[in-house]
Amino acid sequence: MNPGFVIPTGWSALLPELALTGLIGLILIGDVLLKEEAGKILSGIAVAGLAAVGFLVAAQWDQPARTVLAGMFRMDMLAVFFKGIFTIAALTTVLIARQTPALIRRGLGEFYLLILTATLGMFLTASAGNLLMLFVALEMITISFYVMVSYHQEERSLEAGLKYLVLGSIASGLFLYGLAFLFGTTGTADLTEMAAVIQGGLTESPMLVLGLFLVLSSILFKSACVPFQLWAPDVYQGAPTPAVAFLSVGSKAAGFVVALRLLIELLLPLGGVWIPVVVFLSGATILAGNLGAIPQSNIKRLFGYSTIGHGGYLLIGIAAGSFLGTQAILFYLAAYAFTNLAAFLVITAFSKTTGSDEIRDYAGLSRRSPFLAAMFFLALLSLAGVPPLAGFFGKFLLILSAVDAGHGVLAGIGAIAVVISLYYYLMIVKTMYADEPADPSPVPVPTTLRIMLWICAAGMLGLGLIQKPLVNWAAAAAQTLF
Amino acid sequence: MMLGPVSWILLAPLIGAALLVCVPSEQVRWVRRIAATATGIPLLLALSLIFRYDPVAAGYQWVDRIPWIPSFGIDYHVGVDGISVVLVLLHAFCAFTGVLVSYRISQRVKEYAIFYLLLIGGVFGVFTSMDLFFFYLFYEMAVIPMFPLIGIWGSKKDRDYATMKLTLYLTAGAVMALIGLLTLYTLSPVKTFDLIALREAFLRQPLPPATQWFLFPFLLFGFGVIAPMWPFHSWSPLGHAAAPSAVSMLHAGVLMKLGSYAILRIALPLMPAGAVDWLPWVAGLACMNILYGGFVAMAQKDAKFVIGYSSSSHMGYVLLGIACLSAIGLNGAVLLMFAHGIMTALAFAAVGHVYDQTHTRILSDWGGLIRQVPFIGVAFAAAALASAGLPGFANFAAELLVFFGAWESYRWAAVAAVFGIVTTAFYMLRAVRTGFYGPLNPKWTGLKDATPFEKIPYLILITVLLVVGCWPQSLLTLIQSGTGPILEIIQQASVGVLP
């Protein structure tokens, strides 16, 4: 556009990643130098740095796609779209971490560091052009999360961390094993070349199919989908809230960028093999998550289950195997980011004052803090998919993509699960609004959380009412794959 | 771009709700004033539309159209035709009088008013949308605020169960209808959610009869849940009973009409062959509604349950009228939606007035109230007589049309449905007798009648019932101009189906 400002090709594609790496270094050094007030200053640096990274990511929007580092790194619209989501999630997570007392006692510097390394891993996952790069990036995410999940150093948190570590390592192993088959059958690790080989007619190879299913398993683990969803509720309940928030938004999105890159971009010619499986798993995941959430009494554990359900919804878009499905996934993920982050902001503010994550303690929240209750109400309705909130249009697109692809039963399950999820979300609403509080003292909301909540509310309502911009962005990003 | 009156009808309550968010909750007077203004403006606009609507030109008038998501063929597209202009007026009456009745609410007034206005905005949206996406969006928007409205301000005894059941039933119906709508969208050659464009596309190139036969039930039963079609009606009397009076007024007065309206507006014109196949079954279900609802109402002791079951019984007449697929039946159905809406609003307002002071709705506990609250007693008696089909009230004209329609189309159904009138007369008059006549229960000597201000909503509703009852043609001309095009489509389809 502007001839005066020419971005040199090549390394400029890596600008956000380079900035993020610099930020990581800064935090690492800062944590060593500033012992006393590390928390406040480092969170300021992290927020400012992430905001800068966000601008760099935004600046890459609408730039032509390009590959650097000998095909290792791809900068395209899909990657940029996901990096936007990752940045928002990371930024919010930093602010949540700042308000989590249990973390403050333990020292926050390292935690910020882990958030940032996980973010870098997510960025690289979105941009990976090579199987090895993809694996390394995913490991970077997972290892950061191992530490974050067990950060509390108390029984529950450690148990969660161990569970996540053991299962996560198995999933990584499966992934690597699957990659080996993909590499072995196609003779290349470069995703672009691999796509050419597969499109060239290599669809009957049983080894390729085996590799596909191994890779699929690992994706299902990352995004907590049936049959690899069992870790989610335990980890969600035990891990520190910021880790959970980041896990539920960032890690899930990372799982789906891999799914889009591998299943849709690379292996769509083998759709006949994997689509029926994903259709089945999607329905099963939706039901497992939403039915499992019903009896929960701990809010984080409930979100552990509900997040499984959302993973199932996102799988609908994969199962559709179409442009519309991809567009729907992208819209849903962006909407889900605002919505779920809003929910975790409320959970953080609430537990900061009351020290509780039990749903029954939310009784009468509408009188203790009308603002928090209203925000939670919005977030829960958006998660359930009630118009005019962002979550509604996401579900609308996903179900439309299922109907469009001829998966009528899956669309029906998705639709029925809306009713199921409404039940347990509305039970929380009822607790907040209709029940009498045991302790009527007000719940204060720290200013940073208040601002973030307003932003998330604007996101939920804005994306739910004026869907066009995000629909168009999602279409532009989905165009990368088709 | 300039928005027309229809958009303002729809936006006024929503803007009111947004304003209320900014008003401090102690300012109860201002909250009430804003709520009354936000529903008063739509009422004035709706009245002006009903006088200015041109039934000769027919079709949608005062149309506003803004492209919303062009890549999916979604437009903000609103307007009113002869059917919706009548229902918009009904809703405007119920909403405005509901706000006046809600002046009695003293707890958490601001939150109440916000949810109430959102509900009202959603219903206006459903009646005016010409785009299926927005239709669905507003439909869900109208359902969800019921949850807090009943859950927080409802009567303590059964509100938790009632409100959850209502929300889940209605949402289940809605998502079922959504699957149907999305399938229609994907099957349509034009890939748009615009109702008019879809209707024309399906006229030129109808869906195969087998597809219509398969898809029609999704919309029929999906929207039928809120209609409330037997056997999916059980959420409705419970919801009526648990809800605060103004919410019952809207719920029975307007919300239940959304179902039959949606069937009439979307299912019939888009899948005429499916309608011809399925509607005889609907006639049977409608008879079940009428008789089952009527008999259950006869056994009720609680005033709100009597009216609740009576509503589900009377909505059976609406469904029966639609099932006739004849001009007289459809016109009767729409007129009955209007008449029944006003009538139930009146009845629920009166019951609510008594309940707020006695804290019991068991009719036999009341006794002789007419001496304490003569105005309310007369209002309730008027509603009861209207409901029983006394000539002079709008309900009489409407039910008569439905009977004529049913006699032509389904003689057996007409015969069965007539018994509904008998049951109505029985339970309604008995309710008046046990509740308001007989010896005065000494407990209620302190009961207060309506103040002059509180009388306003009752007077409005009774006047409407009588005016329309004495001059039904005023609305029927409009209704006719709306049902005519739908019938034409049905007739073309039946010619196509039958050899």
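## Domains of chain A

In this predicted model, the C-alpha centres of domain 1 and domain 2 of chain A lie 21 Å apart. Domain 1 covers 19-168 + 230-259 and domain 2 covers 272-482; the bounds come from an automatic or database domain assignment. Residues are numbered from 1 along each chain as its sequence is written, and chains are lettered from A in the order in which they are written. Local features need pLDDT of at least 70 and side-chain atom pairs count only at pLDDT 80 or more, while totals for chains, interfaces and linings use all residues.

The contact between the domains takes 28 residues from domain 1 of chain A and 36 residues from domain 2 of chain A. Two residues are in contact if their C-beta atoms, placed from the backbone, lie within 7 Å. On the domain 1 side, α3 (77-98), α10 (231-238) and α11 (241-266) of chain A give two or more residues each. Helices here are DSSP runs (H or I, at least four residues), numbered from the N terminus. α3(A) gives the most, with 10 residues.

This side of domain 1 has 19 nonpolar, 6 polar and 3 charged residues. Nonpolar means Ala, Val, Leu, Ile, Met, Phe, Trp, Tyr, Cys and Pro; charged means Asp, Glu, Lys and Arg; the others, Gly among them, are polar.

## Helix α10

α10(A) is mostly covered, with 7 of its 8 residues buried. A residue is buried if 20 or more other C-beta atoms, placed from the backbone, lie within 10 Å of its own. The buried residues are W231(A), A232(A), P233(A), V235(A), Y236(A), Q237(A) and G238(A). They pack against α6 (131-149), α7 (155-186), α11 and α13 (299-320) of chain A.

## α5 against α11

The axes of α5 (residues 109-127) of chain A and α11(A) come within 9 Å and cross at roughly 20 degrees. Axes are lines fitted to C-alpha atoms over the stretch in contact, and angles run from 0 to 180 degrees between N-to-C directions. The two helices are therefore roughly parallel (angles under 35 degrees).

α5(A) contributes I115(A), A118(A), M122(A), T125(A) and A126(A); α11(A) contributes F246(A), G250(A), A254(A), V257(A) and V258(A). By class, this contact has 8 nonpolar, 2 polar and no charged residues.

## Chain A meets chain B

Chain A and chain B each put 24 residues into their contact. On chain A, α17 (390-404), α18 (408-433) and α20 (468-478) each supply at least two residues. α18(A) gives the most, with 11 residues. The chain A side has 19 nonpolar, 2 polar and 3 charged residues.

Notes:
Angles under 35 degrees count as roughly parallel, over 145 as roughly antiparallel, 65 to 115 as roughly perpendicular and the rest as oblique. A residue is buried if 20 or more other C-beta atoms lie within 10 Å of its own, exposed if 12 or fewer, and partly exposed in between; C-beta atoms are placed from the backbone.
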